[in-house]
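Please keep the sequence and the model open while reading.

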Amino acid sequence: MRAPRSYTAEDVVEINCHGGAGPLQTVLELVLQHGARLAEPGEFTKRAFLNGRIDLVQAEAVIDRIQARTSASLRAASAAAGGVLSKSIYEARDTLVDALARIESAIDFPDDDLPELVDEALRARLTAVLSRLHELIATAEAGRLYREGARLAIAGRPNVGKSSLFNALLRDARAIVTAVPGTTRDRLEETLTISGVPVRISDTAGLRDTGDEVERIGIERARDAVKDADVVLLVLDATAIDESEVASLATEILAFGRPTIAALNKIDLVSTAEPPSWLVRRLNAAGMIERSGLHAICPVSAKTGEGLQELEDAMTRVLLGDTPIAPDQGLITRVHQRDSARRAALALERLLANYNASPEFLSIDLRDSLDALGEITGDTTSEDLLARIFSSFCIGK
């Protein structure tokens with residue numbers, strides 16, 4: 001494939017072999033003997049980037065496509081590969097480059113008979129860029145979740161139905177369920193998809209005081225799972241509601257500082273005289289949500305499946321907000337992208353706060369903002385960051 005129409009924009013030769021690993025290995029050894037070398041991790045994509053075929057956002061989207069675990073993750077990666085995020089960054093940079101040209105003209109020709117260059121119209125355009133940067137930064141958490149996934153820990157007292165709820169969410173009998181309190185001794189983990197986000201869900205040992213050494217270790221691991229979770233599912237037994245006990249347990253869980261949803265389980269066993277909705281109202285009336293910081297209380301039945309969809313909807317709101325961001329709209333998905341966008345926005349905020357200052361000072365902040373945005377697309381990215389990014393790729397690619 002002749003340059004520049006190949007993936008790397010260089011001359012490329014592909015060898016297609018019939019058969020299994022034996023013929024492939026023989027051909028590989030032969031070409032290596034004649035001067036070829038093995039590709040470094042991500043080298044083909046890195047060459048495509050260095051040769052201007054793609055920008056850094058699109059290069060990173062290659063590995064995101066390969067590692068995508070849900071359709072939403074794949075849509076987010078495909079949008080990035082298609083240049084949706086890059087387009088927003090380049091549009092912002094074009095406005096900043098134009099602004100820098102005007103500001104530097106004001107510096108170079110201060111006494112010439114020129115129209116006002118640093119005017120209110122320019123301020124309005126820079127303010128619009130700043131608003132767009134804030135919008136992009138606001139997508140970073142959703143972008144991270146679509147790309148990396150989330151962790152959810154199921155916690156609660158023994159025998160409240162944590163393992164049953166774990167199985168119900170997975171639609172599979174993955175955890176052992178018995179009527180004996182303390183059946184779960186260790187963390188059990190599986191992955192499910194909630195609104196396009198891959199969620200690693202942990203079933204944990206029941207929280208209680210115990211003299212059993214093995215169970216005590218399991219309880220410590222349960223607390224570790226809660227501490228590391230993006231969202232915690234606190235399971236309560238609807239047939240044995242004790243407001244002081246609920247308050248104590250919620251206080252213990254929420255002390256870890258993780259967003260928490262209470263699942264009021266076993267509602268299929270609640271008498272008609274005390275229906276689930278009444279129990280929720282009772283807890284709300286007791287100030288449980290406001291006082292404890294719980295995000296929601298959801299009545300569910302792990303046995304019948306009642307309320308599971310509402311519970312998953314509550315999880316979605318905690319993870320993605322009340323209005324989930326579409327994965328294909330162009331999201332910031334990586335820490336270095338968010339950090340660069342944040343620094344670009346801070347530089348613009350400084351500029352706008354001191355807009356009446358000397359043009360020399362304005363140009364400093366404007367250049368800082370431009371350099372920060374260039375780090376996202378690769379125009380001003382350091383060699384260390386590039387090496388770190390491409391080292392995460394598979395060999396070749």
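Is L96 buried or exposed? With a relative accessible area of 0%, L96 is buried, where buried means under 20% relative accessible area, exposed over 50% and partly exposed in between, calculated with a 1.4 Å probe and protein chains only.

The model is predicted, so that local features need pLDDT of at least 70 and side-chain atom pairs count only at pLDDT 80 or more, whereas totals for chains, interfaces and linings use all residues. Residues are numbered from 1 along each chain as its sequence is written, and side-chain values use heavy atoms, with hydrogens and water left out.

**Overall make-up**

The chain holds 16 helices and six strands, which are DSSP runs numbered from the N terminus, with helices (H or I) of at least four residues and strands (E) of at least two. Of its 397 residues, 45% count as buried. Among the contacts in the chain with a separation of 6 or more, 72% come from residues 24 or more positions apart, a contact being heavy atoms within 4.5 Å.

**The surroundings of L96**

L96 is found in helix 5, which covers residues 84–108. Leaving aside residues up to four places away in sequence, L96 touches L126, V129, L348, L366, S369, L370 and L373.

**Helix pairs**

| Pair | Angle | Axis separation |
|---|---|---|
| Helix 14 (335–353) and helix 15 (359–377) | about 165° | 8 Å |
| Helix 6 (120–137) and helix 14 | about 150° | 10 Å |
| Helix 8 (162–170) and helix 13 (308–320) | about 85° | 11 Å |

Angles under 35 degrees count as roughly parallel, over 145 as roughly antiparallel, 65 to 115 as roughly perpendicular and the rest as oblique. Helix 14 and helix 15 are therefore roughly antiparallel to each other, and helix 14 passes helix 15 in a left-handed crossing, a term used if the near helix is turned anticlockwise from the far one by less than a right angle, clockwise being right-handed. On the side of helix 14, the residues that meet helix 15 include A341, A344, A347, L348 and L351, while those of helix 15 include L362, L366, S369, A372, L373 and I376. By class, the residues of this contact divide into 10 nonpolar, four polar and five charged, where Ala, Val, Leu, Ile, Met, Phe, Trp, Tyr, Cys and Pro count as nonpolar, Asp, Glu, Lys and Arg as charged, and the others, Gly among them, as polar.

Helix 6 and helix 14 are likewise roughly antiparallel, and their crossing is left-handed. Residues of helix 6 including L126, V129, L130 and L133 meet residues of helix 14 including A341, A344, A345 and L348. This contact has 11 nonpolar, two polar and three charged residues.

Helix 8 and helix 13, by contrast, are roughly perpendicular to each other. Their contact is made by L165, A168 and L169 of helix 8 and L308, L311, E312 and M315 of helix 13, which divide into six nonpolar, no polar and one charged.

**Helix 10**

Helix 10 (residues 243–254) has 12 residues and reaches 16 Å from its first C-alpha to its last, close to the 16 Å expected at 1.5 Å a residue, the expected span being 1.5 Å times one less than the number of residues. Its buried residues are V246, A247, L249, A250, I253 and L254. An α-helix has 3.6 residues a turn, so residues three or four places apart point the same way.

**Loops and backbone details**

G42, in the loop between helix 1 and helix 2 (43–50), is buried, with a relative accessible area of 0%. The C-alpha atoms of G42 and S392 are separated by 7.6 Å, although the two residues lie 350 residues apart along the chain.

A cis peptide bond, with omega about 5°, joins A3 and P4, and P4 belongs to the segment before helix 1 (21–33). Two residues other than glycine have positive phi: S195, near 50°, and K266, about 70°. S195 lies in the loop between strand 2 (188–194) and strand 3 (197–203) and counts as partly exposed at 45% relative accessibility, while K266 is placed in the loop between strand 5 (260–265) and helix 11 (276–285).

Conventions
Axes are lines fitted to C-alpha atoms, for helices over the stretch in contact, and angles run from 0 to 180 degrees between N-to-C directions.
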